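My notes follow in the order in which I took them.

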Amino acid sequence: MLRPFSRVDTAMTTVQVFPEIPPYRPPWWLPSGHFQTIYPVMLRKTPCPPYTRRRLELADGDFLDLDWLSSGNDRLVILSHGLEGHSRRAYIVGMGYMAVSEGWDVLAWNFRGCGGETNRLPRLYCNADTEDLHAVVSHAVEKGYSRIILIGFSMGGNVSLLYLGRDRGHVPVAVAGAVCFSVPCDLRGCAEALARPECRIYMKRFLIELRRKLEIKQQHFPSLISLEGYEKIRNFRDFDDRYTAPFHGFADAEDYWRRCSCLPWLDAVRVPTLLVNAANDPFLSPSCYPPALSSSPVRFFTPAQGGHCGFPTTGKDGRYWSEQAAARFLSALECSEDQ
């Protein structure tokens, strides 16, 4: 269960916090959302930071691997990766370097089973894991951080927004804001988008990587996990019906998608939040682009280009556009709190 914290449930206005975000303009040789998605995965060179790894034991007997970049600051950025990601992904590393250069400590946490070692329980990880994020945030508060920003990508962004909206009564007052990129706000719509023929390359990669994790799980829990007929799985409806839903307490894929999509909870978020979904993101359906939220401190920004967790640039400082946008948010938030 989430441990409650007291907080004043008042929303800051976006006018007080948000800076102007410059438009994203991709390099001319990356003309589409597919190119802008694939290029950073395949060709971005980001040396792994000198992380300090610590293991966080969870109340249910499982664990999370946390990778820290600490310089003694009292403010912290918590980075949440996407599906089949981890703390060494280029988009996490790049954002971590940005945060350190701006004077923040960094905690890049790995969802269960994503840190290089399989987790202990039969379950893996999914979009329902707000309790795990809460455990990470609570751990940071206990270590003395007085200001925390959540930065999430794709699934990590959905989990962050679900936590801030649906579970807002449990969020510590130290959490001052969030930045989320390429978020599948409607999981059903995202699953349908990835089932399209033009997204077959992404779907195939996800299924291959997830199978590797399940093969390891099967060795530990042979009576619970079967891979018979796995080759017939073609999309997330098939996968979530067979694995995600039953192992995480949902009736089926539809039940999982409905209960774990952040879209219905965005207007309940009570901290300044920047949500960025590129209009040409091949992973997202139209339902993943929420309308303006007049009663919430969530600013929704939709650049025409960017792809999925992409936004590559060729600037001299090496920062991608997403890192520049997040840096502006951190600076603006700091200025608003100093006023």
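**Pocket lining**

I noted that α7 gives the most to the lining of the largest pocket, with eight residues. The model is a predicted one, where local features need pLDDT of at least 70 and side-chain atom pairs count only at pLDDT 80 or more, while totals for chains, interfaces and linings use all residues. Residues are numbered from 1 along each chain as its sequence is written, and side-chain values use heavy atoms, with hydrogens and water left out. Helices are DSSP runs of H or I with at least four residues, strands are runs of E with at least two, and both are numbered from the N terminus.

The lining comprises 49 residues, and Gly-82, Leu-83, Glu-84, Phe-206 and Phe-283 lie nearest the centre of the pocket. A pocket here is an open set of points on a 1 Å grid over the protein atoms alone, where a 1.4 Å probe fits, with protein on both sides within 12 Å along at least five of seven lines; lining residues have an atom within 4 Å of a point.

**Helix contact**

I then looked up α8 (residues 236–247) and α9 (residues 253–260), whose axes, lines fitted to C-alpha atoms over the stretch in contact, with angles from 0 to 180 degrees between N-to-C directions, come within 8 Å and cross at roughly 85°. The two helices α8 and α9 are therefore roughly perpendicular, a term for angles of 65 to 115 degrees.

**Hairpin**

Last, I found β1 (residues 52–57) and β2 (residues 63–69) paired in the antiparallel sense over six bridges, where pairing needs at least two DSSP bridges. Five residues lie between β1 and β2 in this hairpin, and Gly-61 in the turn has a positive phi of about 95°.

Definitions and conventions: Angles under 35 degrees count as roughly parallel, over 145 as roughly antiparallel, 65 to 115 as roughly perpendicular and the rest as oblique.
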